[in-house]
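Hi everyone, thanks for coming. I'd like to walk you through a structure that may be new to you, so please have a look at it first.

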Amino acid sequence: MTYFADVGALARKDLMLELRARDTLPAMLLFVLSTLVVFHFVLPSDSSELAAKGLLWVAILFTALLGLSRAFAAEREQGVIDGLVLATRDRSAIWLGKALAILAFLGLAEIVALPAFGLFFTHVGGGTIAGVVLADVGICAVGTLLAAMATASRARELLLPLIFLPLTIPIVIGGVGASVAGHPGKYLAFLALYDAIFGLVAWGSFEYVVTE
Amino acid sequence: MLPANRLPALATLALGLMVAAVALVAYVAPVDANQGLSQKIFYFHVPVALTAYALFGWGAWRGLRHLWKREQGADLESYVAIHLGVIFGAMTLLTGSIWAKISWGRWWAWSSDQLVLFLVLFLFYSAYFMLRFSIEPGPQRANLSAVYAVFGVALIPVSFLAIRISKDIIHPVVFKSTGPDMSGTMFLAFCVSWAAMLALAATLYHVELAGKRLDARLKELREALTS
C-alpha cells in the first residue's frame with residue numbers, strides 16, 4: 001500500500017503546485033478554446049460534421065502535448081527528480097503520480113472543451129465521450145514517459161512532439177473511429193487494448209529513463 | 001559478435017543469394033495473370049519490408065538485453081539495427097509507392113494498410129535519431145534509446161491492428177491463414193529473395209558495427225596518446 005501512498009503524495013504535490021502557481025491548466029484551457037475557434041475558420045462552411053469530429057481529436061492531442069511539454073520542467077529546474085530517484089522507493093511511482101496529475105489537467109481541460117465543441121460545431125455523443133476517456137489514459141501514460149525522456153535530452157520541448165505524435169497515431173485512429181462510427185464498440189475495445197499495452201510498457205520502463 | 005574473417009564469407013553469401021534471387025524472379029517465376037510484369041516488384045518489396053521488421057525487432061531485442069542484462073555493446077548493436085531498419089523501411093516505402101503507381105494509378109494510397117503502417121514506423125524511428133543525438137553519449141543515452149526501441153516493437157502490432165480495423169482493404173493480401181496464395185516457383189523465388197535480403201541486412205549490419213567499433217577504438221587510442 002505504500003506504493004499507492006507514494007503515488008498519491010506525488011500526484012497531490014503536482015495538483016497543489018498547479019493550484020498555487022496556475023502554470024499549466026489555464027494555458028491548456030485557453031489553447032483548446034483557441035484551437036476550436038481556429039478550426040471553425042479552417043473548415044469550409046458546408047463541410048460535414050464528421051470533419052469537425054476529426055478535428056476535435058487534433059485539439060485534444062495538441063492540448064495534451066502542451067501540458068506534457070512542461071510536465072517535468074519544475075523537477076528538472078529545481079533538481080527534484082534527482083531527490084526522487086535517490087529515494088529508496090519504486091521509481092515507477094514517479095511516473096504514475098505524474099501521469100495522474102496530467103490526466104487530471106487534461107480531464108479538466110476537456111470538461112470545458114467538449115461542451116464548447118458541442119456549442120460551436122455539433123453535439124458530442126456517448127461514443128466520443130467514452131473514446132476521450134479511454135484515449136486520455138493512453139495519452140497520459142505514454143506522454144508522461146516520453147516527456148521524461150524529452151527533458152533528459154538537449155532538445156527538451158522540441159523533441160516531445162516528434163516522439164509523441166507517431167506513438168499516438170493508433171489513439172487517433174481509435175478515437176476518431178469511436179466518434180464517427182455507428183457502432184463504436186470495436187474502437188473503444190481497441191483504445192482499451194492500447195492503454196493496457198502501452199501502460200504496462202511505460203510502467204515497466206520508466207525506471208530506466210530516470211536512472212543510469 | 002561475428003569474427004572479422006567471417007565477414008567476407010557472409011558478404012559473398014549475400015551476393016550469391018542476390019544473384020540467384022534476381023535470376024529466379026526474372027526467368028523462373030511466372031508472370032502474374034492479373035498484374036503482369038509489374039507484380040515482379042513484389043519479390044523485392046515484401047522481402048525488404050519483412051527484413052525491416054526483422055531489423056526493428058532485433059534492435060528492440062538488443063535494447064532489451066541492454067536494459068535487462070547490461071550487456072556490453074548491446075546499445076551500439078541496437079542502434080545499428082534500427083539505423084539499417086530505417087533504410088530498409090525507406091526502401092519499402094519507395095518500392096511500395098512505385099507498385100501503387102503502377103497497379104492503382106497513384107503514388108500513394110491511404111487505403112493500403114502496410115504502406116501507412118510503414119509511414120508511421122518510418123516517422124517513429126526517424127524520431128529515434130532525434131532522441132539519440134540530442135543526448136550526450138553515455139549510460140543515459142543508451143537507456144533512453146533502448147526504452148524507445150522497445151516501444152517500437154509494441155507499436156508495430158498495435159498500429160497494424162489500428163490501421164486494419166479502420167480501413168477498407170485494397171492492398172493485395174498474399175499471405176492468408178490458409179497458406180501463401182502463390183504457385184510453387186513463385187514461392188521459391190520469394191523465399192530466395194527474402195533470404196538474400198536478410199543476408200544483405202546481416203552483412204551491412206556487421207560492416208557498420210565493425211566500422212563503429214573501429215571508430216570507438218581509434219578514439220580511445222587517440223585519447224591515450226594525447227593525454
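**Two helices side by side**

Let's begin with helix α3 (residues 49–69) of chain A, which packs against α7(A) at an angle of about 30°, their axes lying 10 Å apart. The axes here are lines fitted to C-alpha atoms, for helices over the stretch in contact, and angles run from 0 to 180 degrees between N-to-C directions. Because angles under 35 degrees count as roughly parallel, α3(A) is roughly parallel to α7(A). The crossing is right-handed, meaning the near helix is turned clockwise from the far one by less than a right angle.

Before going on, a word about what you're looking at. This is a predicted model, in which local features need pLDDT of at least 70, side-chain atom pairs count only at pLDDT 80 or more, and totals for chains, interfaces and linings use all residues. Residues are numbered from 1 along each chain as its sequence is written, while chains are lettered from A and ligands numbered from 1 in the order in which they are written.

Which residues of α3(A) meet α7(A)? They are A:Lys53, A:Ile60, A:Ala64, A:Leu68 and A:Ser69, and among their partners in α7(A) are A:Val132 and A:Ile139. Contact means C-beta atoms, placed from the backbone, within 7 Å. Ala, Val, Leu, Ile, Met, Phe, Trp, Tyr, Cys and Pro count as nonpolar, Asp, Glu, Lys and Arg as charged, and the others, Gly among them, as polar.

Now let's step back to the whole chain. Chain A has nine helices and zero strands; these are DSSP runs numbered from the N terminus, H or I of at least four residues for helices and E of at least two for strands. Of its 212 residues, 46% count as buried, that is, with 20 or more other C-beta atoms within 10 Å of their own, C-beta atoms being placed from the backbone.

Next, the partner chain. In all, 25 residues of chain A are in contact with 26 residues of chain B. On the chain A side, α7 (126–152), α8 (159–180) and α9 (185–210) each supply at least two residues. The largest share, 10 residues, comes from α8(A). That side divides into 18 nonpolar, four polar and three charged residues.

Finally, a stop in chain B. B:Ala29 is in the loop between α1 (7–28) and α2 (42–69). B:Ala29 counts as buried because it has 23 C-beta neighbours inside 10 Å.

Terms used. Two residues are in contact if their C-beta atoms, placed from the backbone, lie within 7 Å. A residue is buried if 20 or more other C-beta atoms lie within 10 Å of its own, exposed if 12 or fewer, and partly exposed in between; C-beta atoms are placed from the backbone. Angles under 35 degrees count as roughly parallel, over 145 as roughly antiparallel, 65 to 115 as roughly perpendicular and the rest as oblique.
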